[in-house]
Amino acid sequence: MAAVSLKVNGKSVTADVDPRTLLVQLLRENLRLTGTHVGCDTSQCGACVVLVNGKAVKSCTVLALQLEGAEVLSIEGLAPADGPLHPMQEAFRENHGLQCGYCTPGMILTAVDIVRRKGNDLDDKTIREELEGNICRCTGYHNIVKAIAAGARAMTSGAAANAAE
Amino acid sequence: MSATGIGAAVRRKEDHRFITGKGHYTDDISRPGQTYAYFLRSPHAHATIKSIDAKAASLMPGVLAVLTGAELAADKIGSLICGWMIHSKDGSPMKMAPHPALAHGKANHVGDPVAVVIAETLAQARDAAEKVKVDYGVLPAIVDPAQAQRQGAPQIHEIAPNNTIYQWTIGDANGTDAAFKSATHVTKLDIVNNRLIPNAIEPRAALADYDSGTEAFTLWNTSQNPHVARLVISAFIGMAPENKLRVIAPDVGGGFGSKIFIYPEEVVALWASKKVGRPVKWVSDRSEAFLVDAHGRDHVTHAEMALDTAGKILGLRVKTIANLGAYMQVFSSAVPTYLYATLLSGQYQIPQIFCEVDAVYTNTNSVDAYRGAGRPEATFVVERLMEVAARELGIDPVEMRRKNFIKIFPHQTPVVFAYDAGDYDASLKKALELADYKGFAKRKRDAARNGKLRGIGISTYIEACGLAPSQAVGSLGGGVGQWESCEVRVNPTGSIEVLTGSHAHGQGHETTFAQVVSDRLGVPIESVSIVHGDTDKVQFGMGTYGSRSGAVGMSALVKALDKIEAKAKKVATYLLEAAETDIELKNGQFSVTGTDKSVPWAGVALNAYTAHKFPGQELEPGLKETSFYDPTNFTFPAGCHICEVEVDPETGSTEIVAWTAVDDFGVVINPMIVEGQIHGGVAQGIGQAMCEAAVYDKDGQLVTGSLMDYCLPRADHVPAFKVDTTMTRCPSNPLGIKGCGEAGAIASPPAVINAITDAIGTEAIAMPATPSAVWAALQKSGRAMPHAA
């Protein structure tokens, strides 16, 4: 066993883990944050995407011990517990960008990362290319693409509103 | 239409928990003291199991038990079953071979579980499994269904000589022969309907907990039909009586058919939880899902269509070999028979149809229902024949279809079904307009100038849904009734719980069922909760598959609401001191016709429970009603999908540049959700047509055993979809619903292939039409360069 200290959703966490423990196992089993899902064992499906230091990472492909000192954001931490939803969450709901919901946390966090890298004005082609690492079996992607475009736009207006305050 | 009633695009009630990471999927649930199961699986497609030495494994750290098929047999755990009896043309019953949850004596496909390790952690169970020594005697394997029946092929099950499960026929052989004799043209096609792996993104999982105090089991599992799972595990496998077995299917991450079935792993988890006296959790990894989740399709077909000079269809003759894999599964016998051959009439007036189906065992994983289940295979046969026949006869494919459309309803086909309602030309016409069919020639010329081959493909499909009238199902060999149940519980404060036997795993029932209640009773949807997926809460139900939840599950809800409304009106008569016939319910108020006297819904609910205003001897207190709804007919959703593609002749890569879907689903409860079902279904059909294929090598090794080898459609493989509807009401159920869950996957594969073959000018291409397949077809046909045309 080995110790690792990191921040998860803003809270400091120290865990004693088997060295082969993956980040997704740390989140799901040690911290009981079960919103991060495992859809494959080959880093193909993206259901397990979380943000590590602000960047999208497949948590099934990272050892927990690699995360010493890192800041991890999982779906549970995207919006404040009692606050409003994050604009990207709201956009997925409004645009019916989910059906069974299993790929959704990974999709939403990937979408937030796309906006970070590509900005708030996203065309369909860009979104589809950027979703290369995320599989959805239910929606045919049509409404996910719509949701991400809408969520990206809403993130600008959210930022503008915050700046104006 | 109210803002939350029938027809409104209400945003989904269930979404909040999914977008915030608060869903409860099976693997999210843990029990105190739970252990973990890891299955050791056969690496061989066909091998005797000479011995299993588990001694070293059982001494590994954390190991509680290593269990094998011998112990399963000793404990008299029964065989897994197929629940639909098909008789061969000679009258003999299908040859259902034993299917033990752990292979005993012989393994029959790669992935067949031979032992299970139960340990404190999953890592310990995996480590220990590596120490289990299995001595296999490798046998020759048979993989190709077309070769399975030949003399000298390896024999898989003693009960099934020549690996033949059944040889079944439907239709009039002599009449069909006569139709072919009178034909001036016969179109012939050889078709392989490619084998698919469903790949719901949530892997299957089971958490089993045996309580020795009450001698009762609880099973959380990824099921589309938990009551059926309980019935089979109880009545056939003999794990426990139904009253001592609770099955809970919580949030389930997609199913597409693959989670209908009762699988070895959940049976073993239950059995092991009693043996080790601790809860046992098993979660499939994706590699296991590829090997052992029931696959779909896998037909080898020769089909012929007889026509007259004007392009009228005279008859259809089809011979199909269906690969059911190494073991039969719950519905696997029905898929290539009553869910396939009965749909071969398509949307067309076809006087004579004869179809022969041979179902065979091979040393591959089980094949059963996958989204569409038989109907995509039928639609592919019919719609490819139509297109090729039109091209051979020089008739426009649109006109060819119109010429043969069924126009008068009800219409009895030569293959069981009586279509009750439809307007096939209406959906075709609308789709042609939306797709700008008239402008296609210009778009093709423009594409050619850019060095691209442009093609357009039509699919006018029909399916049979709303499974199904129980007597009809019984007469065709089905082992269960196909009704659905619903219980409506009104609470004293007026809030409502709907307990349905339907099960949602992405379909949005928590919203749409609440819309039906809101529409009927005038209550806000927020005060309606939908309860499903727990055998301790819902008395019984048949679950969700075959696009049946709207047509059958909601019909049961309507029947229960009829009773609720009738009872509530009785309560209201006492409150309003009026005759029952004068009371009407509108917008959540009971009022006396022609007066201003009224009482709100919540007031009636409260009084139903306080029972202060009526004598309990005359009217029972409480407000709770149940209905079991048995459909009177199948439903027949139909429509038209049009696919437009551009092929790059240099590389064979194909882009779908436009997709138009116009479907007739009868009455639509929530158009947003229905459109989502079409998007998803079409994407899966595009997957079948262009990228997905389960490939076994000649030794029975699955070559496409991961998401790196098996191509699931990603966002840039599919286009944005243009989706619309037409409407003929379904006459057989109270809401007029036909069902929409499978239509996309049924309609789309022939639309894609018709478009690609139109583009490349040769019919010689099989699914999946990958870039290399398209490129090879172009090279072979000599049409590789559009400029030369």
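This is a predicted model: local features need pLDDT of at least 70, side-chain atom pairs count only at pLDDT 80 or more; totals for chains, interfaces and linings use all residues.
The contact between the chains involves 45 residues of chain A and 41 residues of chain B. On the chain A side, at least two residues each come from helix 2 (87-94), helix 3 (104-118), helix 4 (124-130) and helix 5 (142-164). Helix 2 of chain A gives the largest share, four residues. Sorted by class, the side of chain A that touches chain B consists of 19 nonpolar, 15 polar and 11 charged residues.

Two residues of chain A were examined in the loop between helix 1 (23-30) and strand 3 (49-52). A:G39 is located in this loop and counts as buried, because 28 C-beta neighbours lie inside 10 Å. Leaving out residues up to four places away in sequence, A:G39 touches A:C45, A:A47, A:Y102 and A:C103, as well as B:I201, B:E202 and B:R286 of chain B. The C-alpha atoms of A:G39 and A:C60 are 9.4 Å apart, with a separation of 21 residues in sequence. A:S43 also has its place in the loop between helix 1 and strand 3 of chain A. A:S43 has 14 C-beta neighbours inside 10 Å and therefore counts as partly exposed. The phi angle of A:S43 is positive, near 55°, although the residue is not glycine.

In chain B, helix 10 has four buried residues, B:P397, B:M400, B:R401 and B:N404. Viewed down the helix axis, these fall within an arc of 95°, so they line one face of helix 10 of chain B. Their cover includes strand 14 (313-323), helix 9 (375-393), helix 11 and strand 18 of chain B. The loop between helix 10 and strand 16 (411-412) of chain B contains B:P410, and the peptide bond joining B:F409 and B:P410 is cis, with omega about 0°. A cis peptide bond also runs from B:L467 to B:A468, with omega near -20°. B:A468 lies in the loop between strand 18 and helix 13 (470-475) of chain B.

Helix 11 (residues 424-434) of chain B has B:Y424, B:S427, B:L428 and B:A431 as its buried residues. The arc they cover around the axis is only 100°, which means that they are on the same side of helix 11 of chain B. Among the elements covering them are helix 10 (397-404), strand 18 (453-462) and strand 26 (638-647) of chain B. B:D436 follows helix 11 of chain B and is part of the loop between helix 11 and helix 12. With 14 C-beta neighbours inside 10 Å, B:D436 counts as partly exposed. Its phi is positive, near 45°, in a residue other than glycine. Helix 12 (residues 440-449) of chain B lies largely in the open, because one of its 10 residues is buried. B:G451, with a positive phi near 80°, follows helix 12 of chain B.

The axes of helix 15 (residues 549-576) and helix 16 (residues 601-610) of chain B come within 9 Å and cross at roughly 90°. Helix 15 of chain B is therefore roughly perpendicular to helix 16 of chain B. Helix 15 contributes B:A568, B:V571, B:A572 and B:L575 to the contact, and helix 16 contributes B:G603, B:V604, B:N607 and B:A608. Six of the contact residues are nonpolar, two are polar and none is charged.

The largest nonpolar core has 311 residues, and B:A37, B:V116, B:V117 and B:L344 have the most contacts inside it. Beyond four places in sequence, the contacts of B:L344 include B:L316, B:V318, B:I353 and B:C355.

Terms used. Residues are numbered from 1 along each chain as its sequence is written. Chains are lettered from A and ligands numbered from 1 in the order in which they are written. Two residues are in contact if their C-beta atoms, placed from the backbone, lie within 7 Å. Ala, Val, Leu, Ile, Met, Phe, Trp, Tyr, Cys and Pro count as nonpolar, Asp, Glu, Lys and Arg as charged, and the others, Gly among them, as polar. A residue is buried if 20 or more other C-beta atoms lie within 10 Å of its own, exposed if 12 or fewer, and partly exposed in between; C-beta atoms are placed from the backbone. The arc is that of the directions from the helix axis to the C-beta atoms. A nonpolar core is a set of buried Ala, Val, Leu, Ile, Met, Phe, Trp, Tyr and Cys residues joined through C-beta atoms within 7 Å. Axes are lines fitted to C-alpha atoms, for helices over the stretch in contact, and angles run from 0 to 180 degrees between N-to-C directions. Angles under 35 degrees count as roughly parallel, over 145 as roughly antiparallel, 65 to 115 as roughly perpendicular and the rest as oblique.
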